[in-house]
Amino acid sequence: MKKHNFNAGPCVLPRPAVESAIEAIRDFDGTGVGILEISHRTPGWDRIMQETEQLWRELLNIPDDYAVLFLGGGASTEFYFVPANLMVKKAAYLQTGSWAKKAIKEAKLFGEVEVVASSEDKNYTYIPKNYTIPTDADYFHITTNNTIYGTEIKTDIDSPIPLVADMSSDILSRPIDISKYGLIYGGAQKNVGPAGVAFVIVRKDILGKVERSLPTMMDYRTHIGKGSMFNTPPVFPIFVMHETLKWLKKLGGVEAIQKINKHKAELLYNEIDRNKLFVGTAAKEDRSLMNVCFVMADEYKDKEAEFLKFADEKGMVGIKGHRSVGGFRASIYNACPTESVEALVACMQEFEKEF
Ligand SMILES: *Cc1c(COP(=O)(O)O)cnc(C)c1O
């Protein structure tokens, strides 16, 4: 049976990227040696690194004064890299979920943290709106898409101080104005590849202001100086990222994927709003286009396990909600085909008929 993969991350990848990854394991670039077995100092690999960076620059229109880095350790490592490299005395954070909270915890190791607003009072089901960004902080940190709660900051906000964004789960899902950000980071395993590599896009002039001495590997300037090859980079995840970006470019880039993403999200939210069995959990204006969270309506609360089983039998994978929210979450990232969303909608309609 065909499976429809709604996993929150790692998650579905574009089929062509998976196919070329399989081929590259057998034989990388016609060298007769597999990608897992090559040296990262071979010319063929150099080309992949350069092309990957170039694809990022093209897809997001990244200006020359920004560096693009590919680092190990995932987004959680950036939670402490960011304050280590940017916080002189104080940083401001918007607390929109548990990833933001984890980032705040790490930042506190390096100085003072001002939480400018939080939506914890309503279990992070909305994005706080009326807050003031303090001008005496070194940067303002936001999480653009809250993977667990299904809320999203869908526009580029204006910040009087360098804006730092964890875009792990919505990067490349829409056009963004890079010049509004000082630094953007995220783990690859939601929209841009498999687990094992993080991306960092940083305006170079915001670095080098802190006095603390940084371990070599923790200093962004080390990686900028060496083109993300100071040490062995995560070769295979970067290769799959390269293939994923190629797929996105061929499809028409971020403008094209944004249209598709809007359409997919609309299909699913419309069904949630229409179907008597389900209710969405996120505030409507803040609904994420990437992670769609919903629960059973009160009168049908006892049907949750039944729906999960029903959906499982229809080939739906990964729709159980995060343990801190419960209910269901369908992650419909870039690579999730419209056909899968249509299948889930049909499954919800069919289940409704039983009541
Ligand atoms: C998944 C996720 C993370 C954690 O990423 P890791 O690479 O596992 O450290 C951080 N922030 C957001 C918004 C995420 O979705």
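**Entry 1: between the domains**

I started with polar contacts and found 13 residue pairs between domain 1 and domain 2, both residues at pLDDT 80 or more. A polar contact here is a pair of N or O atoms within 3.5 Å; within protein, one must be able to donate a hydrogen and the other to accept it, and residues adjacent in sequence count only if both atoms are side-chain atoms.

Next I looked up which elements give two or more residues to the side of domain 1 that touches domain 2: they are α2 (43–60), β7 (151–152) and α6 (235–251). Helices (H or I, at least four residues) and strands (E, at least two) are DSSP runs, numbered from the N terminus. The largest share, three residues, comes from α6.

**Entry 2: ground rules**

I noted that this is a predicted model, where local features need pLDDT of at least 70, side-chain atom pairs count only at pLDDT 80 or more, and totals for chains, interfaces and linings use all residues. Residues are numbered from 1 along each chain as its sequence is written, and side-chain values use heavy atoms, with hydrogens and water left out.

**Entry 3: the two domains**

I checked the bounds: domain 1 covers 15–251 and domain 2 covers 254–352, from an automatic or database domain assignment. Their centres, taken over C-alpha atoms, are 27 Å apart. Domain 1 puts 27 residues into the contact and domain 2 puts in 26, with contact meaning heavy atoms within 4.5 Å.

I then looked up the buried area between the domains, about 2,100 Å², with 55% of it from carbon and sulfur atoms. That is the accessible area (1.4 Å probe) that two parts lose on being put together, summed over both.

**Entry 4: salt bridges**

I found 25 salt bridges in the structure, each a side-chain nitrogen of Lys or Arg within 4 Å of a carboxyl oxygen of Asp or Glu. Two cross the interface of domain 1 and domain 2. I also looked at D286 and K129, a salt bridge with its closest N and O atoms 2.9 Å apart.

In helix α2, E53 and R57 sit four residues apart, about one turn of the helix, and their salt bridge spans 3.0 Å between the closest N and O atoms. E53 is partly exposed at 26% relative accessible area, while R57 is buried at 16% (buried is under 20%, exposed over 50%, partly exposed in between; 1.4 Å probe, protein chains only).

K249 and E58 also pair up, at 3.0 Å from N to O. K249 lies in helix α6 and E58 in helix α2, so this pair ties together parts that are 191 residues apart in sequence.
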